[in-house]
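Here's a short tour for anyone meeting this protein model for the first time. Have a look at it before reading on.

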Amino acid sequence: MLTIGLPGGPASLDPSKDSQTFGIVRPLTNEPLTHEAPDGSIEPALATSWKYTDDEYKVFEFTLRETAMFSDGTPVDAKATVAWLRYFSQGSGIFVSAMGPIESIEAVDQHTVRLTLERSNPRIPYLFSENGNWGAVSSTASIEEPGTLETSTSGAGPYMLDAGRTISDNKYVLVPNPHYDRPEAAPWKEVVVDIIPDANARLQAQQTGQIDVAWGDLRTADAAQDAGLEVLGVPTVTGGLILGDRNSDGPLGDVRVRRALNYAVDREAVADGLVGEHGITTSQMQSRDGFDQDYREFYPYDVDRARELLEEAGYGDDLTLEVLAFGPGGDLGTPLAQAIASYWSELGIDVKITTAPTAAEYVEKRASNRYAVLHYSVINWPMYLSYQIAMAPTGGQNPFGASDPVMNSLFDEGARTDDPGIWAQMSRRSVEEAYFVPTLTVPRLYYVSDGVEGVALTEQRPEFSWASEWSPR
């Protein structure tokens with residue numbers, strides 16, 4: 001048996017409604033269309049081959065593995081995959097918007113699907129991997145019956161959910177899928193996912209043999225290493241806040257206010273206080289292909305400059321900001337929001353923080369448009385994906401629909417040409433226009449016990465190690 005320890009469960013078992021909170025586990029129940037390997041390359045999975053059939057990254061065809069079956073015993077064919085992609089495109093998860101507007105999805109033949117977009121997207125193979133859930137195909141019966149995917153899984157992975165033994169946000173039990181066409185890829189008789197929000201309690205459970213692989217925490221990393229666990233981590237997760245209400249007549253609609261909120265934060269002190277030597281300070285959100293090292297320290301700690309900008313914008317001691325923090329985010333959740341808010345308070349800003357204790361509640365509260373400032377932890381995604389999620393007017397992490405015509409134009413050019421120079425321009429503009437208050441980049445840690453091998457984090461794929469790659473040692 002394999003037991004995995006996580007700080008929180010998914011916003012929803014339905015991949016179309018979840019973010020990446022169940023990312024390492026979901027490939028066990030939903031083998032994706034493509035697989036992101038440790039070296040960052042995209043390999044075949046349910047899809048055996050794929051190609052763009054045009055030169056603008058708008059028309060994409062892929063061929064499915066003919067022997068693949070869903071856990072309900074039905075085949076993974078073109079008709080079922082088309083139905084899934086159409087269903088997913090209507091979902092509420094933050095990755096739904098990442099594909100861009102769809103013109104058509106059609107079955108070319110029994111095992112070939114053609115996806116045609118209205119706007120260029122050079123990252124479809126990446127989106128069809130474990131990243132973002134688009135590739136987490138589920139059976140037609142499960143998507144036709146409302147609510148089915150909230151309480152069960154019906155993917156084409158090596159395992160399926162044992163709903164009778166599962167308790168939401170507490171324990172998820174996975175058993176082998178009897179219809180999986182590659183049983184050698186299911187080495188465990190059972191997989192259990194224990195949800196343990198407290199990092200110390202999670203480590204204690206692993207030390208006593210109750211957990212085999214766990215998401216670690218920077219505060220317990222030294223103790224985990226002293227306990228003989230393998231501690232894996234590559235700097236990849238940037239924590240900060242989104243200044244979401246950027247197009248309003250309110251304070252965040254003024255770039256001077258947004259810049260002031262960046263100058264006001266002592267990033268070195270925040271990093272030292274939260275994570276010590278594990279944090280790398282930054283004024284720029286992480287991205288795989290757009291990050292500009294020259295912009296890492298764009299906003300030095302400068303309280304006088306922050307006050308000056310607020311005064312220029314007409315704000316004194318009467319500024320109030322509502323912040324939505326993410327409880328399961330560990331140090332990059334509520335503690336980081338509180339640390340940033342403490343510096344804003346020194347400027348006389350009244351900061352009101354609300355913590356969502358679960359992913360599902362965070363999604364619900366985010367949609368209320370009450371909170372002008374939102375939690376944001378971004379992993380080392382391609383700039384294309386970061387834009388679609390947090391900067392595009394329809395982005396899942398852009399509930400106010402904030403829009404920047406210059407950024408939108410850059411994105412259109414980058415999507416059409418896949419030019420690294422454009423992605424870098426976009427990253428720089430997000431800093432100059434102060435979309436975010438990035439603070440520090442940290443590793444996502446995994447603790448691995450002796451009985452498991454294949455848990456890999458690399459510079460090319462530093463974010464996730466997919467549980468589908470692990471095996472008994």
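Predicted model: local features only at pLDDT ≥ 70, side-chain atom pairs only at ≥ 80, totals over all residues.

Residues are numbered from 1 along each chain as its sequence is written, and side-chain values use heavy atoms, with hydrogens and water left out.

Let's start with two residues. The table gives their relative accessible areas; buried means under 20%, exposed over 50%, and partly exposed in between (1.4 Å probe, protein chains only).

| Residue | Relative accessible area | State |
|---|---|---|
| His 375 | 7% | buried |
| Asp 302 | 30% | partly exposed |

His 375 belongs to strand E17, residues 373–378. (Helices, H or I with at least four residues, and strands, E with at least two, are DSSP runs numbered from the N terminus.) Its side chain comes to 3.4 Å from the backbone oxygen of Leu 332. Beyond its neighbours within four places in sequence, His 375 has contacts (heavy atoms within 4.5 Å) that include Gly 240, Phe 326, Tyr 362 and Gln 397.

Asp 302 sits in the loop between strand E14 (280–281) and helix H10 (303–313). Its C-alpha atom lies 8.0 Å from that of Val 265, a residue 37 places away along the chain.

Now for the strands, which pair if DSSP finds at least two bridges between them. E6 (residues 102–109) and E7 (residues 112–117) run antiparallel, joined by six bridges.

Definitions and conventions: Polar contact = N/O pair within 3.5 Å; in protein donor to acceptor, adjacent residues only side chain to side chain.
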